[in-house]
Protein chains: 2
Amino acid sequence: MEKRERKRLAILDVLSAGERPLGSARITDILVARGMEISDRTVRLYLQELDRRGLTENLGRRGRRITAAGMREADEARVLEHIGFLSGKIDTMAYRADFDPSTYTGNVVLNLSLVRPADITREHRRLIGRVFAKGYAMGKMMALFEPGETFGTTVIPEEMIGIGTVCSITLNGVLLRHGVPTVSRFGGLLELRNSHPTRFVEIISYDGTSIDPLEVFIRSGMADYIGAVTTGNGRIGASFREFPAESIETVHAVAARLEETGLGSLLCLGHPGQPIFGVPVGPQRAGAVIIGGLNPMSIFEETGLRIHSRALSGLCNFRRLFHYSEFRAQLDSL
Amino acid sequence: MEKRERKRLAILDVLSAGERPLGSARITDILVARGMEISDRTVRLYLQELDRRGLTENLGRRGRRITAAGMREADEARVLEHIGFLSGKIDTMAYRADFDPSTYTGNVVLNLSLVRPADITREHRRLIGRVFAKGYAMGKMMALFEPGETFGTTVIPEEMIGIGTVCSITLNGVLLRHGVPTVSRFGGLLELRNSHPTRFVEIISYDGTSIDPLEVFIRSGMADYIGAVTTGNGRIGASFREFPAESIETVHAVAARLEETGLGSLLCLGHPGQPIFGVPVGPQRAGAVIIGGLNPMSIFEETGLRIHSRALSGLCNFRRLFHYSEFRAQLDSL
């Protein structure tokens with residue numbers, strides 16, 4: 001990457017990290033503290049260029065604010081310098097999620113899908129309900145966002161709504177607060193025969209990808225939830241994780257508690273050292289297969305409707321979630 | 001994976017590796033030599049089950065032959081036990097490719113895409129030609145396969161044709177024969193602005209995925225070749241590789257020779273230790289960005305036509321290839 005580009009992105013990065021607008025002097029201070037050689041004058045010139053490109057907005061004396069387009073640009077730029085991006089993002093989101101299943105309070109991690117409400121058919125709703133009912137989703141809960149509303153770094157476009165599905169990284173977050181570290185190894189496509197999981201047919205490791213594997217499997221039409229919920233033969237997104245062998249009882253207890261709150265996601269938990277679906281686990285570890293949160297949204301793609309989904313989009317208060325059986329009523333009330 | 005399933009797949013694996021049909025006694029010998037405890041009688045029982053499921057075919061005294069469905073099953077099963085599958089497949093195919101650019105003889109590695117000829121429009125042909133002309137494909141050559149023809153493990157279905165594009169792993173193969181080992185690090189989406197590559201916006205490491213990253217980017221609609229060949233702003237599939245720093249001159253010479261034979265793919269080759277588009281390279285290494293071979297096929301997906309593409313599908317004699325400008329004439333002659 002050329003030097004100019006790097007500096008331009010560093011400025012966006014500073015603005016994207018803060019909650020408030022920042023002046024050029026403050027931005028310069030932060031960049032210099034990070035070891036970059038840059039003058040206040042240069043920062044001001046770059047900011048003018050960023051304004052022109054619609055990536056920042058000049059609020060006068062209050063300083064510069066990053067725009068939604070600038071946020072996306074900053075997000076994408078981070079990919080570049082962080083190979084193995086997703087495992088880092090997973091741990092960050094697990095650290096931020098603070099849902100407490102004993103009091104039903106705090107935030108869960110949400111995936112966001114953008115859809116035109118007019119495109120959602122009765123058949124879509126029926127099949128999505130079946131995915132939840134069969135237990136092929138992360139729990140039973142979902143959320144809706146209105147046009148114009150902001151979730152994470154996304155502004156829901158006009159004429160669209162955002163459908164939030166609970167991301168299974170929420171489990172990592174709750175376990176972390178119980179002192180259990182989770183290693184998220186890979187996302188895979190799990191084959192079902194007669195409604196029983198048999199094996200992973202494709203896998204992508206979290207520490208070698210910038211994009212969520214389940215998002216990729218769904219977008220590329222490789223998943224088959226319609227088969228999974230109609231004939232029992234299909235392919236669903238699942239995640240392979242590992243826990244310290246000694247923590248198995250805690251993992252069981254936490255997973256059971258989450259199940260009660262409508263956030264169950266544990267498909268199976270192995271004994272210490274036991275391979276699961278042929279996947280070996282490390283020494284002193286137990287493996288687990290966790291259902292992918294984005295799964296119900298695959299129904300749209302499988303019926304030929306291209307939607308825009310992003311895993312790990314942001315945090316959402318548990319109170320905002322509703323049971324999947326209310327999907328239609330909630331849609332109508334928007 | 002349960003024991004029965006493992007044995008069943010082991011039998012398919014043996015049959016998929018050989019060119020000829022095998023009897024149950026020979027299959028038992030091979031499995032026992034691999035360390036599996038299995039009797040001839042058990043193998044015969046499993047074979048009957050595989051026959052019933054259409055995965056093998058009983059040829060009487062000549063033994064069992066694996067079917068196309070059996071081949072797919074065996075391929076998918078291998079994923080399970082080989083996390084990091086693609087880097088292994090890349091090295092295997094590089095080892096098998098024996099194209100010699102000085103005599104224009106031998107085999108190149110091909111990707112295969114299945115399309116209904118009636119679905120190919122004039123606009124598709126025009127845009128695919130532009131992708132080749134702009135240098136966003138691996139060289140200038142392609143191949144066609146007729147309905148019923150077998151390529152690799154794929155039988156081209158009736159009413160469809162196979163379009164072969166040269167896989168950039170061919171470069172690894174030619175370099176290998178010049179004594180240069182290639183490390184294929186990741187496949188990524190490379191952003192173009194004003195027809196200049198600027199940065200990778202998504203990446204997937206080859207040693208952490210069972211599916212080709214470029215195949216995934218194209219199938220999931222994340223690539224943008226139409227933008228790349230019309231406005232100069234788009235996203236194309238590219239691969240990041242590393243060579244020993246000392247071999248740079250050989251790499252340059254081989255790449256230039258391949259360019260002359262219509263198989264150019266080197267987008268850029270760094271100096272020793274020099275980062276490329278912000279991606280650092282290992283010590284004593286030089287990095288390179290190689291154009292993805294499957295790229296022209298993205299045009300179909302971007303115009304809403306879902307096709308089935310597989311990277312690294314098999315080997316193809318160089319003589320079978322034709323220049324992209326003959327695409328239409330070759331289509332008409334099928």
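This is a predicted model: local features need pLDDT of at least 70, side-chain atom pairs count only at pLDDT 80 or more; totals for chains, interfaces and linings use all residues.
**View 1. An open, antiparallel sheet in chain A.** Five strands line up in the order β13-β3-β7-β4-β14 (chain A). At the edges stand β13 (308-317) and β14 (322-323) of chain A, each with a single partner strand, so one side of each is left without a neighbour in the sheet. Helix α5 (residues 85-96) of chain A packs on this sheet, where it touches β3 (107-115) and β13 of chain A. The direction of the helix makes about 25 degrees with that of β13(A).

**View 2. Strands β4 and β7 of chain A, side by side.** Look here for the 4 bridges that join β4 (residues 141-145) to β7 (residues 161-166) in chain A, with the two strands running antiparallel. Ala143(A) is a handy place to start: its opposite residue in β7(A) is Gly164(A).

**View 3. Where chain A meets chain B.** Each chain brings 39 residues to the contact. About 3,400 Å² is buried between chain A and chain B, and carbon and sulfur atoms give 48% of that area.

**View 4. Polar and charged pairs between chain A and chain B.** The interface holds 2 salt bridges. Zoom in on Glu202(B) and Arg310(A), whose side chains meet in a salt bridge at 3.4 Å, N to O. There are also 10 residue pairs in polar contact across the interface. On the side of chain A that touches chain B, at least two residues each come from α1 (3-17), α4 (68-81), β8 (183-193), β9 (196-205) and α8 (213-219) of chain A. The largest share, 7 residues, belongs to β9(A). By class, this side of chain A has 17 nonpolar, 7 polar and 15 charged residues.

How values were computed:
Residues are numbered from 1 along each chain as its sequence is written. Chains are lettered from A and ligands numbered from 1 in the order in which they are written. Side-chain values use heavy atoms; hydrogens and water are left out. Two strands pair if DSSP finds at least two bridges between them. Contact means heavy atoms within 4.5 Å. Axes are lines fitted to C-alpha atoms, for helices over the stretch in contact, and angles run from 0 to 180 degrees between N-to-C directions. Buried area is the accessible area (1.4 Å probe) that two parts lose on being put together, summed over both. A salt bridge is a side-chain nitrogen of Lys or Arg within 4 Å of a carboxyl oxygen of Asp or Glu. A polar contact is a pair of N or O atoms within 3.5 Å; within protein, one must be able to donate a hydrogen and the other to accept it, and residues adjacent in sequence count only if both atoms are side-chain atoms. Ala, Val, Leu, Ile, Met, Phe, Trp, Tyr, Cys and Pro count as nonpolar, Asp, Glu, Lys and Arg as charged, and the others, Gly among them, as polar.
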